[in-house]
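Take a look at it first, and then we'll go through some of its helices and rings together.

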Amino acid sequence: MVLHAVARFGESWRRSNRSTSTISQRGAGPEADAGTFPLAPGLLLFVPVSLLGNLIGLVLRYPDIGSAVLFPPYAALTAALVVSPRRHWVWYILVGSATHFAMSLAHWSVSWVLVADVANVTRAVVAAVLLRRVFAGPPRLDDLRVLTGLVVSAAFIAPAVGATIGAANAVLHVGPTSYGRMWSAWFLSNSLTSLTILPAFLLGLANHARWRWPPMGRRRAAEALALVGALAATTAWAFVIPAAGFGPLTLHFYAPLPVLILTALRFGSGGASLALTAVTFAAILGADRGVGPFLEYEPDSNVLALQVFVVLTALPVLCIAAISTSRQRTVQLYHALLASAQDHIAILDRDGVVVEANDSWRRFVQRPDVLRLRKVDIGDNFVTAARIAATDGHDDAARVFAGVTSVLDGEQKRVEIEFDYYGGGAHERYALYIEPLARADGGAIVRRSDVTARHMARVEIEEQRRQLSHLARVSMLGQLSGALAHELNQPLAAIASNADAAHRLLARAPVDVVELEAIVTDIVAANHRAAQVIRRLRAMLNRGETRLQPLDTAELVEEVLDLAHAELITRRVTATAVVAPNLPHVLGDRVQLQQVLLNLVLNACEAMTSCIPPDRRLSLTATADAGGNIRFSVRDCGTGIPPTLIDRLFEPFVTTKPEGLGLGLSISRTIVAAHGGRLWAQNNTDRGATVHCLLPGAAVAQEQTTALGNGSAHRSPVAHV
Amino acid sequence: MSVNGSDDPPISIAIVDDEDSVRTGLRRLCVALGLHATVYASGSQFIEALKTGAARPDCLLLDAHMPQMSGLEVQRHLVMLGVRIPSIVYTADDAPEAKARYFAAGVAAYLCKPIAGDDLIAVIERVMTRPHPSPVDQRPTDAPSRRL
């Protein structure tokens with residue numbers, strides 16, 4: 001029935017845990033009542049434990065002063081108060097006092113028992129209040145902070161408070177001189193109780209929700225049984241079996257220590273607490289029966305020696321238990337985290353040997369593959385595998401080798417390498433991230449992530465961007481068709497006139513060879529010019545791959561104004577190119593950058609349609625900034641950009657032109673962004689607007705750059721030939 | 001004056017074109033046709049030469065598509081100055097509206113590039129023998145000529 005009630009309490013404890021966390025989130029903090037153990041089953045458990053505890057306390061006493069060696073009722077009342085709601089505390093205190101009176105009145109006077117009871121209750125309340133603050137939730141002893149809290153509050157402060165009150169009996173009934181002796185006896189017995197029995201009680205009540213039978217697997221049960229056997233044997237040898245023939249220095253009472261430490265390591269604070277309790281009882285029992293090591297001196301000193309021995313044993317054992325539990329929890333979380341990651345993760349030591357890898361990694365290395373470096377499992381050397389694969393001519397492996405070496409050598413903080421995977425008929429793309437391991441021993445974490453989907457999306461977007469920019473280019477050339485026809489017509493006209501003239505000259509005698517030679521030279525030149533126009537047109541119409549290369553900035557400006565030349569004349573726009581001398585090259589795709597600048601030039605022309613022809617002035621400026629970036633600025637003298645549009649000008653379908661689609665600038669910005677640059681517009685202070693295009697300069701050495709100077713962008717007219 | 005007459009001094013042609021190669025080609029063609037040709041790189045150069053008396057052409061070959069001062073503007077300027085030289089405009093643009101604009105401005109003939117020598121000589125002959133047409137209106141206008 002009690003177990004049933006306790007199981008029901010499990011439910012309420014779980015609920016209370018949730019509500020506690022909610023409360024603490026609201027900022028109620030430690031003031032919230034953490035205890036939820038129901039009263040009836042609580043008292044049903046408490047009464048027998050309390051009675052038995054008092055009995056033990058009575059039996060195990062200091063021979064002279066009557067103080068208990070170990071006082072289990074302290075642990076029982078403190079544990080009950082910690083896990084119960086505050087409103088139930090009065091019941092446990094009343095019941096606890098009643099059992100204490102019932103068991104003690106036969107041996108002591110009422111006043112003695114009364115003072116002792118006040119001391120007992122005060123001590124338990126102080127301990128319970130402090131422990132609740134320490135736990136801030138269900139009792140646990142799984143890290144050093146909580147253990148320290150338990151030691152300070154339940155094994156030091158509360159016993160000190162209790163001893164100060166309880167030792168008053170010495171003054172009242174024995175004599176003031178015995179106060180110190182009684183104080184230390186009270187203090188040590190309760191300190192001892194809080195380090196042995198109390199943790200077992202607290203953890204038993206906290207973990208009752210997991211009470212299932214059997215609570216552990218067969219192997220663990222066998223391990224527990226073996227430990228119990230070993231503990232029984234060593235404890236019996238140390239404390240219970242008479243040790244005839246040993247000298248005064250009887251060190252064999254340390255025999256249980258290894259078993260205690262092993263218990264702490266394998267079964268945590270709960271197991272350690274139970275084992276410590278068992279050892280304590282055995283030691284007391286042995287001393288009581290006149291065997292064991294604690295019989296050498298006066299009875300009081302023997303008890304004191306026993307208490308000090310147990311306290312000094314309990315402290316490190318409980319510490320080991322707390323650290324071990326905390327470590328196990330961390331390891332569990334770490335393995336859970338590794339296992340849940342879809343990425344393939346491996347941890348390398350400083351030499352590149354895989355010391356840990358998650359399941360994803362280990363599954364991946366089983367797959368068929370042409371590259372050996374991906375077959376590296378735990379215990380294999382990743383660096384060596386990469387080097388061997390690199391020597392076999394795999395470029396990816398060479399990059400991985402360089403990357404992992406630089407991270408292990410501390411030269412780089414993070415390396416990211418993308419590579420294609422061909423294996424078992426699959427074509428996938430992976431990204432390999434290599435980062436240093438933040439620890440003194442060095443090493444690295446290698447994470448392999450399947451980025452096939454991301455890569456495909458990127459390729460798709462790139463292709464669409466290319467198609468769109470091609471479409472925009474073709475449409476722009478459509479706008480320029482008249483101008484381009486004129487551009488092609490000029491050399492053709494020159495060829496026709498020259499050829500006609502030559503034909504006529506040949507019919508005359510004597511033939512003017514000098515003039516004919518000049519004519520042929522001009523025909524060849526015009527032919528070249530026509531071919532160049534066609535070549536540029538073809539490049540603009542082509543849907544070729546993006547090809548980044550260092551481009552001569554001045555040449556780029558000249559080409560753009562050449563392409564726009566006829567259109568500028570038709571629109572009566574005077575264009576000026578201003579190119580700073582010795583500009584660095586710009587890194588980019590020639591056709592795409594021509595497209596962007598041509599688009600800006602045509603937009604500028606468009607913006608000046610309403611101006612009178614002498615006012616239609618446009619400048620295309622190229623300058624370099626301190627960082628080696630190239631800035632192209634197209635400035636017009638038009639009407640400017642409406643303030644409402646200036647921020648949205650580069651968004652798709654935003655246009656100032658009645659028949660414009662609003663794609664040109666948006667595509668231009670995409671192209672510039674793909675080049676790592678920036679495109680923005682601003683209105684001029686006087687009139688018109690300027691659009692700036694900032695592009696990263698190629699890291700090549702500055703080459704001699706032709707400055708177009710302030711001259712006209714049109715081919716300079718030659719006076720009187 | 002006759003085009004091919006050997007006794008008369010040759011017809012003097014002024015060529016105004018901003019494009020060096022076209023200008024030179026036309027000059028050579030005119031010379032090969034037995035004409036006397038002078039070239040100018042812009043309308044303003046030509047008008048300047050007219051004003052100073054350096055240029056006294058019998059006929060003008062005028063490019064339509066030029067920066068600063070277009071062929072149309074040069075033609076209108078000549079009309080304003082009262083210069084009565086027959087002008088032949090040539091262009092790559094054969095759109096009827098453009099043609100109409102030029103005729104309205106008083107040009108004598110309109111040729112599409114590329115220009116063949118025989119066509120050129122025929123047109124020159126035609127504009128030289130025919131009385132020079134006057135512009136529809138003295139002021140520049142974009143309205144098509146009623147005579148067309």
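Is the crossing of H13(A) and H14(A) left-handed or right-handed? It's left-handed. Keep in mind that this is a predicted model.

Let's stay with that helix pair for a moment. H13 covers residues 382–391 of chain A and H14 covers residues 395–408. Their axes come within 8 Å and cross at roughly 145°. On the H13(A) side, the contact is made by Phe382(A), Val383(A), Ala386(A), Arg387(A), Ala389(A) and Ala390(A). H14(A) brings Ala397(A), Ala398(A), Val400(A), Phe401(A), Val404(A), Thr405(A) and Leu408(A) to the contact.

Now for chain A as a whole. Chain A has 20 helices and 12 strands. Of its 721 residues, 47% count as buried. If you take the contacts in chain A between residues at least 6 apart in sequence, 68% of them join residues at least 24 apart. The accessible surface of this chain is about 34900 Å², and 61% of that belongs to carbon and sulfur atoms.

On to the aromatic rings. Over all chains, the count comes to 12 aromatic pairs. Here are two of them:

| Pair | Arrangement | Centre to centre | Between the planes |
|---|---|---|---|
| Trp183(A) and Phe187(A) | stacked | 5.1 Å | 10° |
| Tyr102(B) and Tyr110(B) | tilted | 5.9 Å | 55° |

How far apart along helix H8 of chain A are Trp183(A) and Phe187(A)? They sit four residues apart in that helix (residues 179–206), so about one helical turn separates them. Trp183(A) counts as partly exposed because its relative accessibility is 26%. Phe187(A), at 14% relative accessibility, counts as buried.

What about the tyrosine pair in chain B? Tyr102(B) is buried, with a relative accessible area of 7%. Tyr110(B) is buried too, at 11%.

Arg448(A) lies over the face of Trp361(A), 4.0 Å from the ring centre. Arg678(A) lies over the face of Trp680(A), with 4.2 Å to the ring centre.

How values were computed
Residues are numbered from 1 along each chain as its sequence is written. Chains are lettered from A and ligands numbered from 1 in the order in which they are written. This is a predicted model: local features need pLDDT of at least 70, side-chain atom pairs count only at pLDDT 80 or more; totals for chains, interfaces and linings use all residues. Side-chain values use heavy atoms; hydrogens and water are left out. Rings of Phe, Tyr and Trp (its six-membered ring) pair if their centres lie within 6.5 Å; planes under 30 degrees apart count as stacked, over 60 as edge-to-face and the rest as tilted. Helices (H or I, at least four residues) and strands (E, at least two) are DSSP runs, numbered from the N terminus. Buried means under 20% relative accessible area, exposed over 50%, partly exposed in between (1.4 Å probe, protein chains only). A charge sits over a ring if NZ of Lys or CZ of Arg is within 6 Å of the ring centre and within 35 degrees of the ring normal. Contact means heavy atoms within 4.5 Å. Accessible areas come from the Shrake-Rupley method with a 1.4 Å probe; for residues, only the protein chains shown count as cover. Axes are lines fitted to C-alpha atoms, for helices over the stretch in contact, and angles run from 0 to 180 degrees between N-to-C directions. A crossing is left-handed if the near helix is turned anticlockwise from the far one by less than a right angle, and right-handed if clockwise.
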